[in-house]
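Hi,

Here is the structure I promised to pass on. Have a look at it first, and my notes follow below.

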Amino acid sequence: MDSGRYFSQPLENIEDIDVFEEAVDRKKLTRRVSEERPYTYWTLEYYDQDNGIRGGGGLGVLAADMRRVAERMNVPFVLITPFYPREVHQVRRKETYGELYAECDYRNFDYRLVDSVFIKCCGNLCKLDVIEKRLGSTRILCITEPGFRELYADASGSDHRLYQEVALGFGGYAALKLVGLRPAVMQLNEVATFFAALARLDELVNNGMDFYEAMVYTRKHTLYTNHTLVQAAEAEFGAEQFERFVLPNLKSRAVRKWLMDKFTDGRLRLSTVTIEIAELRSGVSKLHARVANYRDVAGEKVKFKAITNGIDVYRWVAPQTLTFYRECGIIDIMGRPTADYGEALNKLTSDEIRHLKAQGRAILNEILADYPDQNGVILQFTEGDFIFDFKRRFVDYKRPEMPFADIRRLREVLEPRGAHYILTGRVHSGDTRMMGVLSEVLDKIATDDYLRAHVHYLADYDERLAFGLSCGCNAAINLPIVGLEACGTSWEKDVANLQVLISTNDGGVADVDAKYHLDVRGVDFDEELASLYARMREAIQIWDSDFDLEYVMREQLYGFLPIVSGARMMQEYLDYIFPA
Ligand SMILES: *Cc1c(COP(=O)(O)O)cnc(C)c1O
């Protein structure tokens, strides 16, 4: 699949070094982070198809954006993740959708085979190959072996999942040493990466440091980034599983004892020990950091520092739109809004918006050639077409089926303008409930002759399709049940690419006042649904009026560009980890 074409804008020359120094406070940073002592980022999920790894959703996209932003900001940064030997694709099968596995070979993606490391599991020595790829100031360091299978191959409390997590933690830590690096900080992208911090603790104690000293040291240099709202929803592991997979990899008796003392009735959630081993803790939006309900071993509520997810605008914004932002002084070289971006936004005219959208639509049309809809049709749109999109994992709290709750009213919204609605998102393996919901939606569409030709479900949603839809559609729909979305980043891609955002006030959207987007709200489902249809009508009207289009786009960008900026996110992480 040709995915690279519009991706990864080349780095511009860093012409203004003062701006650059100030941007990352390099003098401060270089004392703490260096090439030999990089910022390390640990993640079980990584979504970067240009580099051969397809993640599951937002968690992996965030990891890839972190690395790209670090590269742009010239931060010494190492991302440690598994390279999975296979990945899942969604395919159309008769009346329904199924899964297809594809083999992945790192040799097709310019990785260098470094050597091997070993971990111990169930009485066996497991050999893991270490591969790496350098990209500017960053590298992707992977461990891999054929038995890894795919991301999330088994359930979250399963032996295989624990094996993947242990392999990443202990194997990844050994890999880091193999390439001669020591971490300045370890950022744990969710609790699945806990074992990396544990490996470090064990190494320190094994090298002669007192257990408590080693714990204090590890804690000070570990950041746990939480994306989940409810601790109770997390899977547990049994002590017996730890005896087979974890303990054989620990040299220190004190570390083993500390770990096993954390089990209650023979069960353990990784968040319990991750909270203990990481003094720095962050949530991924203001709302999420406030409502995430986690308790430490003493029963105290855990405080999370809010660092809202951003995106790498150089990766996700259509090239012409990005050039426009740069030339008008709306964003700087790092991808952050400039000091006077509000004023610069006044240069954004309806003509320019329509012109940029037309170019975004050409990108979309090219990408759509590879994604037939549910009827096997390859869609192509003209500049005059109006397109709504809904693109995200097909899980219940995101409510992909909500617009179809009343198909008569949906038709009344779309038909007068001849508007199209594109729906895409993969159902999680084994989620039979949502599989049923998808079938129901498709059945409903098929019964209505207008919707049959204007509502399109595209299979095998991935980053390339996400990019195309963000660039080429007019209005993006985001409907998480309020309180359940940690942040969400697809809406950020949409805002940056000049789509009108229709959304519930949740996740990162709720970082700013609700006046900056078309807010969907109501005291109950019926009211919310009425609000959604009204907002969809409004989006159509906005695009029909030059005045409204200008006003809404300027406001939306003014409100959201600071949040959208991945460089802003990176800066906040650096300031949090390395305070002045
Ligand atoms: C951006 C992106 C996501 C993030 O989705 P959210 O639902 O907004 O968290 C997920 N998957 C893909 C392929 C993406 O490109």
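Contact, as I use the word here, means heavy atoms within 4.5 Å. The model is predicted, so local features need pLDDT of at least 70 and side-chain atom pairs count only at pLDDT 80 or more, while totals for chains, interfaces and linings use all residues. Residues are numbered from 1 along each chain as its sequence is written, and side-chain values use heavy atoms, with hydrogens and water left out.

Helices first (DSSP runs of H or I, at least four residues, numbered from the N terminus). In α20, Gln541, Ile542, Trp543 and Asp544 meet Asp546, Asp548, Leu549, Val552 and Met553 of α21. That contact divides into five nonpolar, one polar and three charged residues. For the classes, Ala, Val, Leu, Ile, Met, Phe, Trp, Tyr, Cys and Pro are nonpolar, Asp, Glu, Lys and Arg are charged, and the others, Gly among them, are polar.

The axes of α20 (residues 525-544) and α21 come within 5 Å and cross at roughly 110 degrees, so the two helices are roughly perpendicular (65 to 115 degrees). Axes are lines fitted to C-alpha atoms, for helices over the stretch in contact, with angles from 0 to 180 degrees between N-to-C directions.

Helix α21 (residues 546-564) also packs with α14 (residues 350-368), at about 80 degrees and with the axes 8 Å apart. That pair is therefore roughly perpendicular too. Here Ser350, Ile353 and Arg354 of α14 meet Asp546, Leu549, Glu550 and Met553 of α21.

Now the ligand. Polar side-chain atoms lie 2.5 Å from a ligand oxygen in Ser490 and 2.6 Å from one in Lys493. The protein covers 95% of the 390 Å² of accessible area (Shrake-Rupley, 1.4 Å probe) that the ligand has on its own.

Cheers

Definitions and conventions: Parallel < 35°, antiparallel > 145°, perpendicular 65-115°, else oblique. Polar contact = N/O pair within 3.5 Å; in protein donor to acceptor, adjacent residues only side chain to side chain.
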